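Subject: Structure for your review

Dear colleague,

Please find below the structure that I am handing over to you.

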Amino acid sequence: MNLYHQHSLKELNTFGIEARTATYIEYHSTEELCRVLQDPAIQAQPILHIGAGSNLLFMEDFSGTVLHSGIKGIEIVGETAEWIDVAVGAGVIWDDWVVYSIEKGWYGIENLSIIPGEVGASAVQNIGAYGVEAKDVIRTVHTIEIATATPRIFSVEECQYAYRSSIFKHAYRGKYIVTKVVFRLQKQAQYVLEYGNVRTQLEKEGKALNAQNLREVIIGMRESKLPDPAIIGNGGSFFMNPIVPIALFQTLQETYSTIPHYPAGEGLVKIPAGWLIEQAGWKGKNLGEAGVYEKQALVLINRGNATGKDIWNLATAIIEDIAKKFHITLHPEVNLIGSKGYL
Ligand code: EPU
């Protein structure tokens, strides 16, 4: 276990925001985690668990303990001729797991290639890209309850997954820590190619259909639009794509005949927030040290020395403008963190 006091979080969030935490602990096993949680001094202060910090915006210094999982390991826990169940430690880098699965010939997460972050957060956030979401492959989520330091296993149904959402982001936010996730992957190829340009891009590049080529195409598509956090601080998509009643969408379509949209359930339509933000004229704009990425308007970036509040000021200006122009309320996808935890 590694423990530090007054620890900088700058390297621990992909926005590259300078903030400090009173205590920082990285543990390497469930037993170590339970020992930490059984310490009354730790329980007396706020607790925040982070992954790779790729979806966090620190608004100020954190007054309690930031925890990070160093639980690694990839282990087969069941299999048939069709599928394989694999338990993956919460601290495994998500993309290392994707690479491993492709090397083994297991199918299901190729489309989630190079999503930043760790396996634990994938199950909290229900990460998704190019028509695949984590929930499609998750079987169970193994956790420790923070208040009692006791284990609990959630079935995929109990996790209440929805678009970028789970029970761990709502009713149980800040209540459980994910220690490992069991995924069910397929032994026969089952590609998802119908989202956006995936199939056309594969054909354009003249690549045969296999998992490695699909991964390469996805990587190319992501890298053409999303900034590398090692170079430009960012948290991926800053807002969720809004889901609106069909009547509102039809009104907008009268003015904007080419408005992109996706079905989102009975009477509902999902509209890309990046399109709304670009239409409103924000793409490439700055507000102080915060900016809207020039290649993808859904991504807010740290131009160099932004604070969390700088980024949030820009986000608020965008939210207000989109509400005024389109009568749509944008909600952050990134988690805002104050001195005591989630805001
Ligand atoms: N668009 C614009 N202008 C922009 C950006 C997008 O007009 O500046 C339009 C595009 O032309 C396209 C549509 O919006 O018609 C969708 O754009 P894109 O395919 O880039 O995807 P997105 O909806 O902006 C979502 C996810 C991404 C994920 C991609 C691909 C959310 C919040 N974001 O973005 O996830 O990689 O689809 O599946 O759902 C993330 O969550 O951090 C993330 C990067």
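The notes below cover the ligand, the sheets and the salt bridges in turn.

This is a predicted model, in which local features need pLDDT of at least 70 and side-chain atom pairs count only at pLDDT 80 or more, while totals for chains, interfaces and linings use all residues. Residues are numbered from 1 along each chain as its sequence is written, and side-chain values use heavy atoms, with hydrogens and water left out.

The ligand and its surroundings

Which residues are the closest to the ligand? They are Tyr130, Tyr163, Glu278, Ala297 and Glu333, from a shell of 24 residues that surround the ligand. By class, the shell consists of 13 nonpolar, five polar and six charged residues. Here Ala, Val, Leu, Ile, Met, Phe, Trp, Tyr, Cys and Pro count as nonpolar, Asp, Glu, Lys and Arg as charged, and the others, Gly among them, as polar.

Helices (H or I, at least four residues) and strands (E, at least two) are DSSP runs, numbered from the N terminus. Helix 6 (211-225), strand 13 (233-237) and helix 8 (273-279) each supply at least two residues of the shell. Helix 8 gives the most, with three residues.

Polar contacts (pairs of N or O atoms within 3.5 Å; within protein, one must be able to donate a hydrogen and the other to accept it, and residues adjacent in sequence count only if both atoms are side-chain atoms) are also present. A polar side-chain atom of Lys225 lies 3.0 Å from an oxygen atom of the ligand. In the side chain of Asn241, an N or O atom is 2.8 Å from a ligand oxygen atom. Ala297 takes part through its backbone, where an N or O atom lies 2.8 Å from an oxygen atom of the ligand. On its own the ligand has 820 Å² of accessible area, of which the protein covers 82%. Accessible areas come from the Shrake-Rupley method with a 1.4 Å probe; for residues, only the protein chains shown count as cover.

Strands and sheets

Strand 13, which supplies residues to the shell, also belongs to an open sheet of four strands in the order 13-19-18-17, with antiparallel pairing. Two strands pair if DSSP finds at least two bridges between them. Strand 13 and strand 17 (286-287) are the edge strands, each pairing on one side only. Three bridges join strand 13 to strand 19 (residues 299-302) in the antiparallel sense, and Asn234 has Ile301 in strand 19 as its bridge partner.

Elsewhere, strand 5 (residues 62-69) is mostly covered, with seven of its eight residues buried. Buried means under 20% relative accessible area, exposed over 50%, and partly exposed in between (1.4 Å probe, protein chains only). Strand 5 pairs in the parallel sense with strand 2 (residues 20-27) over six bridges. Strand 3 (residues 47-50) also runs parallel to strand 5, and four bridges join them. His68 in strand 5 stands opposite Glu26 and also opposite Ile50.

Salt bridges

How many salt bridges does a search of the whole structure find? The search finds 13, a salt bridge being a side-chain nitrogen of Lys or Arg within 4 Å of a carboxyl oxygen of Asp or Glu. One of them joins Glu79 and Lys187, whose closest N and O atoms are 2.5 Å apart. This pair links distant parts of the chain, 108 residues apart: Glu79 is in strand 6 (residues 74-79), and Lys187 is in the loop between strand 12 (176-186) and helix 5 (198-204). Glu79 is partly exposed at 47% relative accessible area, and Lys187 is partly exposed at 25%.

Glu278, listed above among the closest residues to the ligand, forms a salt bridge with Lys283 (3.0 Å, N to O). Glu278 is partly exposed at 40% relative accessibility, as is Lys283 at 29%. Salt bridges that share partners also join Glu133, Lys135 and Asp136 into one network. Within it, the side chains of Glu133 and Lys135 meet at 3.5 Å, N to O. Glu133 counts as buried at 17% relative accessibility, whereas Lys135 is partly exposed at 30%.

Yours sincerely,
A colleague

Definitions and conventions. A residue is near a molecule or strand if one of its heavy atoms lies within 4 Å of it.
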